[in-house]
Structure formats: C-alpha cells, structure tokens
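Student: I am new to this structure. Can you take me through the terms used for it, one by one?

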Amino acid sequence: MNKISRAFENGKAFIAFITCGDPDLETTAAAVRAAAENGADLIELGIPFSDPTAEGPVIQAASLRALQAGTTTDRIFALVEDLRRDVTIPMVFMTYANVIFSYGADRFISRCQQTGIDGLILPDLPFEEKEEFLPYCRKYDVSLVSLIAPTSENRIARIAREAEGFIYVVSSLGVTGVRSEIKTDLESVIAAIRENTRIPCAVGFGISTPEQARKMAGLSDGAIVGSAIVKILEKYGREAPPHIGEYVRAMKDAVR
C-alpha cells in the first residue's frame, strides 16, 4: 500500500510545501526535518522549474533563487536519499511535466521509487493526459496525485473515482499565494468527491493562517500550505528552519 495514506491515519493532515534549493539544499534538508519534527504529516518537495505556471510570485521567486543556486533534479534526488535516513513521513514531488519529460519518465519515476518519493503532483498535467506518466507510476508504485479545481465541475466524479494517494483540492481560481479569505464553494466540491471515492482529499492554494487551516481541514481531510512557508524561507534564508518548525507546529495544532 502506498505510504501516502499514512498521512491521513491520525486525524486531519497538515501538508507542507518547500521549494528545493531555496536558498540552498542544506537549508531545504533542515527545513524538511523541522517540519517533520513539528507535526507535518506529508511534505511536498517542489522541484524548481523556469516556467512554474501554477505558482504565484512567492513560489516563482523561490524557484528562480533555487535555479540560480545551481539546484538540479539529480541533486534533489540526492537530497531525498539523505532525508530518508531519518524522515519517515510521506514525501511527494510537486513539479511540472517538462521536468519529467526532459529527465525521461521511466528514469525519473524509477528514481522516485529508489529514493523514497511516494507520489507526484503535476499541476500542468490535464487529467485526460495522465496516461503519459501513469504506466510508469504504476510500475514503480508512485502515486500520481490528481488535482480537482472549482472549474472541474462535471469531471469531479471521474477524477475522484480514478484518484490515488490523495486528492489535491484547489481552493481558488488563479495561482498559488496567500489569500486573506477563501470564498469558493468547497463544500459542494468535496461532497462530490466523497460520493465517488474514499481516497482522502486536502485543500491547498491560499491557506496561510491557523484559522484558514482549521476551516479547510474541517471541510476536508487536511490543509496544504506552500507560499506562507516559502515566505519564511525568503525572509530568514539559512536561519529559516526553526521558524518553519514553529509555524508548522501552530498549523498542525489548528487542524487537529
């Protein structure tokens, strides 16, 4: 059984996103460990890409800093190998289809299995085109995580029925980033998901405060936070990991 399900075994999950290599991979490793030690149930590791179309300015800037620092896919795989010496919670990559195409899908996904990556989130991969990668994911037992957005509408049932790992529910239209409030009718989206699958779902995009995390976890099985964590990295640089640990602890307490 894929390890991702473990993230949801003990109540509501808190999922943390961290851009690999911002400001360097040593800081990434320390930030992941701080998040895991302070209650994160699953870590999304962002592989930086030059054209991250789903990302707002905070994560775009983090990707640029990481690429300028010399972060490569091979170095990120080495990072994951190091992390897996002591980090036992599920970890997934969030990146873009072109990153996998350029590396070679079979080679990339087999290395995910070898290093201990449990799933892939590809925001630019339409559900209808997932067969590009799904056979390799099945071959190497790596979950291809589906995204459901407010615009998915009559596709929600089909996406939910075929989902694996967990379902990433996109809270709002537009790109990632901190939002003061989330106005989308997520209740109906999540109700449609629940009617079609028992796979857990977690809400991301725009969540930054404990109050928002508590509300989103109340609707779903967990909350996903990215930009707010990346802003901590932007502010504190190499000194960020303890601050990330404090933030994750507060957010995990909120979703419990």
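Tutor: Start with a space inside. The second largest cavity has a volume of about 70 Å³. The model is predicted: local features need pLDDT of at least 70, side-chain atom pairs count only at pLDDT 80 or more, and totals for chains, interfaces and linings use all residues. Residues are numbered from 1 along each chain as its sequence is written, and side-chain values use heavy atoms, with hydrogens and water left out.

Student: What makes a space a cavity?

Tutor: A 1 Å grid is laid over the protein atoms alone, and a cavity is a set of points where a 1.4 Å probe fits but cannot get out. Grid points are joined across faces, edges and corners, and the volume is the space filled by probe spheres set on the points. By this rule there are 2 cavities of 30 Å³ or more.

Student: Which residues that line the second largest cavity are the closest to its centre?

Tutor: Ile47, Glu55, Ser63, Met94 and Tyr96, out of 13 lining residues. A lining residue has an atom within 4 Å of a point. β1 (13-19) and α2 are the elements that give two or more residues to this lining. Helices (H or I, at least four residues) and strands (E, at least two) are DSSP runs, numbered from the N terminus.

Student: How do the residues of that lining divide by class?

Tutor: Into 8 nonpolar, 4 polar and 1 charged. Ala, Val, Leu, Ile, Met, Phe, Trp, Tyr, Cys and Pro count as nonpolar; Asp, Glu, Lys and Arg count as charged; the others, Gly among them, are polar.

Student: Why are α2 and α10 called oblique to each other?

Tutor: Take the angle. The axes of α2 (residues 57-68) and α10 (residues 227-236) cross at roughly 50 degrees and come within 9 Å. Axes are lines fitted to C-alpha atoms, for helices over the stretch in contact, and angles run from 0 to 180 degrees between N-to-C directions. Angles under 35 degrees count as roughly parallel, over 145 as roughly antiparallel, 65 to 115 as roughly perpendicular, and the rest as oblique. The pair α2 and α10 is therefore oblique.

Student: Which residues make that contact?

Tutor: Val58, Ile59, Ala62 and Arg65 of α2, with Ser227, Val230, Lys231 and Glu234 of α10. Contact means heavy atoms within 4.5 Å. By class, this contact has 4 nonpolar, 1 polar and 3 charged residues.

Student: What is the hand of the crossing of α2 and α10?

Tutor: Left-handed. The near helix is then turned anticlockwise from the far one by less than a right angle; clockwise would be right-handed.

Student: Why are α1 and α11 called roughly parallel?

Tutor: Their axes cross at roughly 25 degrees and come within 8 Å, with α11 at residues 240-255. That angle puts α1 and α11 in the roughly parallel class, therefore the name. α1 passes α11 in a right-handed crossing. Thr27, Ala30, Ala31, Ala34 and Ala35 of α1 touch Pro241, Ile244, Gly245 and Val248 of α11. The contact has 7 nonpolar, 2 polar and no charged residues.

Student: What makes the peptide bond from aspartate 22 to proline 23 cis?

Tutor: Its omega is near 0 degrees. Proline 23 sits in the loop between β1 and α1.

How values were computed: 1 Å grid on protein atoms, 1.4 Å probe; cavity = no way out; pocket = protein on both sides within 12 Å on 5 of 7 lines; lining within 4 Å.
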